[in-house]
Amino acid sequence: MKKITQELIDRFYDLLSPCRLCPRNCGVDRINGELGNCGAGLEVKVASYHQHFGEEPPLVGRSGSGTIFFSHCNLHCVFCQNYEISQLGQGQRVSLEELAQYMLDLQNSGCHNINLVTPTPWVPQIVSGLKIAQERGLHIPVVYNCGGYEAVSTLKLLDGIIDIYMPDIKYSDDQCAEKYSKVKNYWSVVRSALKEMYYQVGNLKLSRGIAASGLLIRHLVLPNQLAGTKECFKFIAENLSIKIVVNVMAQYYPTFNAHKYPEINRRITLSEYRAAIDILKSYGLDAGFQQTIDTLYRKAIPEWGEWS
Ligand code: SF4
């Protein structure tokens, strides 16, 4: 991580008033107490922080990923598995000092990285916390774990601060994105965001089996091909690299408001998951890993392919 200066932090905070931190461009004045479409204000809110062993193996290693779950989200997925935190705003306001201390506590616990979950609405506060932690010895990689709906202008300011980008690529169809995540232009936004992330960090690099830097993309298979899997993988293969690690996730289940949409009110089938893997392979994107088909109906156990 490069040295974070006060000047850089000031540039991040400028983005909060009017808020244009993410592509929703709400324009609310978060510095003076207004809340945006995401529900976020000025003081950062954290739902929990802990050693996490359920993430991808190169993040988890032996000692876990140092995960910090932030409250609120700039997407409003009707099937969100963390909806209490992302949509209902569960969490507590914490000071920047406390946030920095969480990071240092996670590092001191042996975690291999700081895994920022849903960081998008809180980038200025997170970078401020990172600055404090950096001055007190934080040195492990920082993971930006997001939904893919990111402003390139904000990402550019993060260049050199984020070691590992771990975005979703949720949909390739804007109508689906609007219906299920309440955004109008997801497909064009996520493509630009992924290009910028890849430009900054490149392919995933491991050091003794642990992720050190790079891009790792998640794709959650939805029922009835509603995630637009084929176009997502085509874009990655043709515009980024076939060496990109893609985690094809099978664990979709209908939660939160998914029951209001009959077409997504079920788990995916085995054949739907296999079809997604076949598409992945057809584009040569099998450098990474996939979850075993068993994970459709029981706890996720990632199965790793060959690593280069
Ligand atoms: S971060 Fe939140 S307040 Fe700012 S533009 Fe995005 S949705 Fe709006």
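Is R218 buried or exposed? R218 counts as buried, because its relative accessibility is 11%, and the cut-off for buried is under 20%. Keep in mind that this is a predicted model.

**R218 and its surroundings**
- You'll find R218 in strand β8, which covers residues 210–220.
- Its side chain makes a polar contact with the side chain of N145, at 3.5 Å.
- N145 also turns up among the residues that R218 touches, leaving aside those up to four places away in sequence.

**The ligand site**
- The ligand takes up the space of the largest cavity.
- Around the ligand sit C19, L21, C22, R24, N25, C26, R30, G36 and C38.
- Sorted by class, that shell has five nonpolar, two polar and two charged residues.

- P18 belongs to the loop between α1 (6–14) and β1 (45–52), and the peptide bond leading from S17 to P18 is cis, with omega near -5 degrees.
- N25, one of the residues around the ligand, is also in the loop between α1 and β1. Its phi is near 50 degrees, a positive value in a residue other than glycine.

**K182**
- K182 has a positive phi too, near 65 degrees, and again the residue isn't glycine.
- Its place is the loop between α7 (174–181) and α8 (186–201).
- K182 counts as partly exposed because its relative accessibility is 37%.

Terms used:
Residues are numbered from 1 along each chain as its sequence is written. This is a predicted model: local features need pLDDT of at least 70, side-chain atom pairs count only at pLDDT 80 or more; totals for chains, interfaces and linings use all residues. Side-chain values use heavy atoms; hydrogens and water are left out. A residue is near a molecule or strand if one of its heavy atoms lies within 4 Å of it. On a 1 Å grid over the protein atoms alone, a cavity is a set of points where a 1.4 Å probe fits but cannot get out, and a pocket is an open set with protein on both sides within 12 Å along at least five of seven lines; lining residues have an atom within 4 Å of a point. A molecule sits in a cavity or pocket if more than half of its atoms lie within 2 Å of its grid points. Ala, Val, Leu, Ile, Met, Phe, Trp, Tyr, Cys and Pro count as nonpolar, Asp, Glu, Lys and Arg as charged, and the others, Gly among them, as polar. Helices (H or I, at least four residues) and strands (E, at least two) are DSSP runs, numbered from the N terminus. Buried means under 20% relative accessible area, exposed over 50%, partly exposed in between (1.4 Å probe, protein chains only). A polar contact is a pair of N or O atoms within 3.5 Å; within protein, one must be able to donate a hydrogen and the other to accept it, and residues adjacent in sequence count only if both atoms are side-chain atoms. Contact means heavy atoms within 4.5 Å.
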